[in-house]
Amino acid sequence: MQTVYLAEESKKGITPAVLIRFSGLFGAMAGLLFIVIQLVHPADQLASVGTASWVIVAALTSIMALFNIIGTAGIYAAQVKESGWLGLLGFVVFSLFWMATLIFSFIEALVLPVLATAAPAFVEGFLGIFGGYASRVDLGFLPALAPLAGAMYIFGGLLLGLAIFRAGVLPRLSGALLAFSAVATLAAAVIPHPYDRVLAVPMGIALIVLGYLLWSERYSRRN
């Protein structure tokens with residue numbers, strides 16, 4: 001029966017259901033990368049920039065962010081009608097955070113290593129945006145982007161999680177987990193960097209769970 005089902009699906013070609021399913025695979029991989037990156041991330045200091053581990057982790061972060069954009073789109077597409085404006089707002093804000101992450105990680109991978117020798121003060125200032133220390137040079141609007149991105153992470157994840165819970169297409173517990181994971185980041189105010197990286201683990205688990213639910217098609221399809 002499974003063989004017949006797969007054969008029938010292959011004849012249909014690329015359908016919305018197929019796209020949603022594969023977006024779940026990307027989302028689950030993004031969640032796994034999100035956790036692994038926290039465990040292997042080099043110290044946010046000038047000496048780390050330009051090392052092989054720094055470039056690799058920054059590149060993986062870019063891939064993770066891109067995968068999360070795809071996964072988030074799949075989560076929203078699976079419940080686009082049922083989640084309403086709350087789901088749309090959560091999807092947009094959460095996706096904007098991952099886009100910002102993609103931009104920052106791109107700079108970390110390809111720009112900072114080049115400037116580490118030519119403009120070390122700028123690089124240290126850039127690292128201080130996330131390391132929690134002041135810059136000695138004027139970075140323009142860049143320092144304001146970090147708290148803005150943090151707000152998008154918290155509110156985007158919270159709104160999307162609440163939309164999942166309210167829509168009832170995906171298991172409500174998965175929506176509650178996503179919302180909790182986003183709000184738990186507020187604990188970073190009392191946990192010093194880099195130990196606050198542990199707060200990414202619940203979010204990684206939530207993304208893996210949601211990705212698995214989409215990939216395995218364990219959600220209620222509604223017309």
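**Exercise 1.** Work out how the residues of the lining of the largest pocket divide into nonpolar, polar and charged.

*Solution.* Start with the classes: Ala, Val, Leu, Ile, Met, Phe, Trp, Tyr, Cys and Pro count as nonpolar, Asp, Glu, Lys and Arg as charged, and the others, Gly among them, as polar. On that basis the lining holds 22 nonpolar, 10 polar and four charged residues. The lining has 36 residues, and F97, F130, H193, D196 and R197 lie nearest the pocket's centre. This is a predicted model, where local features need pLDDT of at least 70, side-chain atom pairs count only at pLDDT 80 or more, and totals for chains, interfaces and linings use all residues. Residues are numbered from 1 along each chain as its sequence is written, and side-chain values use heavy atoms, with hydrogens and water left out.

**Exercise 2.** Decide whether T61 is buried or exposed, and list what T61 touches.

*Solution.* Next, apply the cut-offs: buried means under 20% relative accessible area, exposed over 50%, partly exposed in between (1.4 Å probe, protein chains only). T61 has a relative accessible area of 11%, so T61 is buried. Last, look for contacts (heavy atoms within 4.5 Å): leaving out residues up to four places away in sequence, T61 touches I37, T101 and S105.

Notes. 1 Å grid on protein atoms, 1.4 Å probe; cavity = no way out; pocket = protein on both sides within 12 Å on 5 of 7 lines; lining within 4 Å.
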